[in-house]
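Biologist: I've just opened this one and could use a guided tour. Shall we go through it with a few questions?

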Amino acid sequence: MTQEAPSGVVYDLGYKPHVGELLGRRAVFFAVLKDGLRRVMGLRRRARRKVLPWLLIIIAVIPSVVGVGISAFTADFQLELPGVFTTYGSFPQLATIALLFTAFAAPELVIPDREQGVMSIYASRPLTTQDYLLARAGALGVLVLTFLMLPQLVMYIGFAATSPDGFTTYLLDHFGDMVRALVASLVYLATFGSAAFIVALFAKRVAPAASAFIAGMYGSIIVAEIITESGASLGKWFSLLALPMHPQFVRDWIFDRSGDTIPDRAGFDPWVSLLVILVLVAVTGVLILRRYRKLA
Amino acid sequence: MNIIETSGLGHAYGDVVALHGLELELEGGTIGLVGANGAGKTTLVKILLGILTPTLGSVKVFGIPVAERPLEVRARVGYMPERDCLPEDQTASDFVTYTAELAGLPKKASRQRASDVLTLVGLHEERFRPIGEFSTGMKQRTKLAQAIVHDPDLVLLDEPTSGLDPQGREDMLSLVGRLGGFGINVVTSSHVLTDIEQTCDWVVMLDGGKVLRSGPLSGLGQTGVIEVELTSPVDPFMAWLEANGASTHYDGRVIFVRAERNGFEMVRDGLTATESGLRRLRESSTSLEDIFMGRST
């Protein structure tokens with residue numbers, strides 16, 4: 001009589017030490033940055049985590065795709081249709097959607113790590129608090145900049161492909177627009193990103209942080225508008241409270257356009273708005289470092 | 001070579017002194033760090049990782065001064081925190097892979113190592129499930145996996161059995177006990193003394209921020225007293241022992257014998273000489289808990 005070998009044997013492979021190379025701090029930095037990108041975009045996470053970021057991206061890109069589609073059939077299609085289509089010099093819808101995207105992205109990058117205790121794992125790895133914060137800020141930068149530039153790149157490439165002047169000619173003629181769009185996007189990133197990070201520093205959950213950021217941004221416009229329009233003696237200075245107006249004012253300056261922003265109406269020059277943005281970035285940096293030093 | 005050396009190590013949170021003049025020289029192995037809550041265990045662990053800078057004295061891990069070169073130390077150390085430290089929305093595989101990358105392992109090696117250590121801690125089947133769906137025991141195993149995924153030379157475990165049921169606790173202690181065999185030095189911080197007795201070969205007792213005792217666990221429980229139970233009358237046996245220089249004490253059931261030397265041989269000779277019947281014979285031992293509690297009584 002033969003005896004069958006037992007099935008379903010579990011083999012204990014034991015412990016195998018790591019014998020390969022160890023990468024340096026730079027690689028660790030990029031690992032944190034990459035993790036930030038995946039976290040915000042919901043990659044390698046459940047489907048419901050992907051809905052919001054990808055929906056916002058689709059909404060942001062649709063006007064560009066439609067514009068390119070129309071231009072393919074209408075040779076004399078004009079880009080400058082304010083309020084209807086995204087253009088290089090004026091992207092009002094895009095800025096609004098970017099604000100929503102930032103409202104969700106910045107808290108997502110820092111709050112779960114803090115509230116779920118993951119910071120203690122970072123603290124045990126060969127990276128500094130500054131490395132971590134810079135990597136997270138870098139991830140936000142990459143995401144928001146990509147978010148703002150993607151629709152414009154779609155337009156740039158799409159209009160070039162359908163341009164009667166030829167692809168290369170269009171690219172060269174509008175290269176300056178793209179550079180200006182990039183600089184304007186950086187200004188939006190600095191404003192929205194800084195303000196959203198400040199809110200994320202003190203919130204315990206992502207959704208309330210996003211709501212507070214959006215309410216704060218639009219609330220600042222309303223407050224600034226009311227006080228400025230009231231004709232109060234210091235009303236002019238209150239116009240600087242309207243945070244979302246500053247990147248818009250600077251963008252108009254970059255594109256040499258005339259716009260309608262509260263600081264502009266109050267009589268400020270665009271460089272004042274730029275200064276406000278730079279102060280906001282500096283204050284955010286100081287607050288973040290203080291907060292995380294306290295956490296350690 | 002000492003894996004941990006402290007010299008006059010002290011730390012205070014404002015007016016509250018957490019550690020006071022710690023002098024430690026710990027060689028490799030499995031080391032237990034015991035003490036009541038607030039004894040300074042977690043503060044010491046944080047200082048060893050370079051998260052906290054000591055207010056007094058110095059500490060070296062593998063001969064590296066932690067305060068000056070914390071990143072070098074962290075590259076060689078793993079840490080399993082006591083409290084929650086796992087992202088609920090990631091799979092165990094993704095998170096442990098990420099923590100390996102955080103230690104500097106290349107992407108491919110990180111994924112392989114994550115798979116290996118998750119198998120080692122018994123989460124091979126569950127490694128692709130979100131951590132949010134895990135039981136407490138599975139989360140503890142994941143925490144242990146991330147602590148060893150980068151093949152550290154030393155792993156610091158902060159209350160590894162915290163929140164576990166009896167079976168989960170046994171499983172975790174078994175895993176901790178195996179780490180030494182992998183060439184990983186272990187420092188287990190715990191207030192559960194039996195956990196330390198079960199897994200460690202060296203113990204550091206902290207009390208009020210000071211070192212109460214630091215020594216090998218093997219000799220710690222020895223008392224030099226022999227316990228004897230007889231089936232026959234005890235008086236002749238006790239008289240013979242005392243006549244031969246031993247001291248005895250009888251509690252109505254057990255005779256406690258303390259001899260200067262060769263205690264067991266003396267008991268054997270006494271049993272033969274008095275023709276006493278032996279029921280039980282053993283060396284009296286004491287637990288860590290006895291030692292720890294005995295300090296305050």
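Predicted model: local features only at pLDDT ≥ 70, side-chain atom pairs only at ≥ 80, totals over all residues.

Biologist: Then how many residues does the largest nonpolar core have?

Modeller: Those with the most contacts inside it come from both chains: A:Ala98, A:Val144 and A:Ala200, along with B:Leu48, B:Val155 and B:Leu156. Take A:Ala200, which touches A:Ala106, A:Pro107, A:Val110, A:Ile111 and A:Ala209, leaving aside residues up to four places away in sequence. There's also a second, separate core of ten residues, with B:Leu230, B:Phe237, B:Ala259 and B:Val267 among them. The count for the largest core is 135 residues.

Biologist: Which helix gives the largest share of the side of chain A that touches chain B?

Modeller: In the contact between the chains, 32 residues of chain A meet 35 of chain B. On chain A's side, helix H1 (25–41) and helix H4 (119–123) each supply at least two residues. By type, that side divides into 16 nonpolar, seven polar and nine charged residues. The largest share, five residues, comes from H1(A).

Biologist: Over in chain B, why do E6 and E10 each have one side without a neighbour in the sheet?

Modeller: The sheet is open, with six strands in the order E6-E7-E8-E3-E9-E10 and mixed pairing. Strand E6 (77–80) and strand E10 (210–216) each have a single partner strand, so one side of each lacks a neighbour, and that's because they stand at the edges.

Biologist: Last one: what covers the buried residues of H4(B)?

Modeller: Helix H4 (residues 107–120) of chain B has 14 residues and reaches 20 Å from first C-alpha to last, close to the 20 Å expected. Its buried residues include B:Ala109, B:Arg113, B:Asp116 and B:Leu120. Just after the helix, B:Gly122 takes a positive phi of about 85°. The cover includes helix H3 (92–102) and H5 of chain B.

Terms used:
Residues numbered from 1 in each chain as written. Chains lettered and ligands numbered in written order. Contact = placed C-beta atoms within 7 Å. Helix = DSSP H or I, 4+ residues; strand = E, 2+ residues; numbered from the N terminus. Nonpolar A, V, L, I, M, F, W, Y, C, P; charged D, E, K, R; others polar. Core = buried A, V, L, I, M, F, W, Y, C linked by C-beta atoms within 7 Å. Buried ≥ 20, exposed ≤ 12 C-beta atoms within 10 Å, placed from the backbone. Pairing = 2+ DSSP bridges. Expected span 1.5 Å × (residues − 1).
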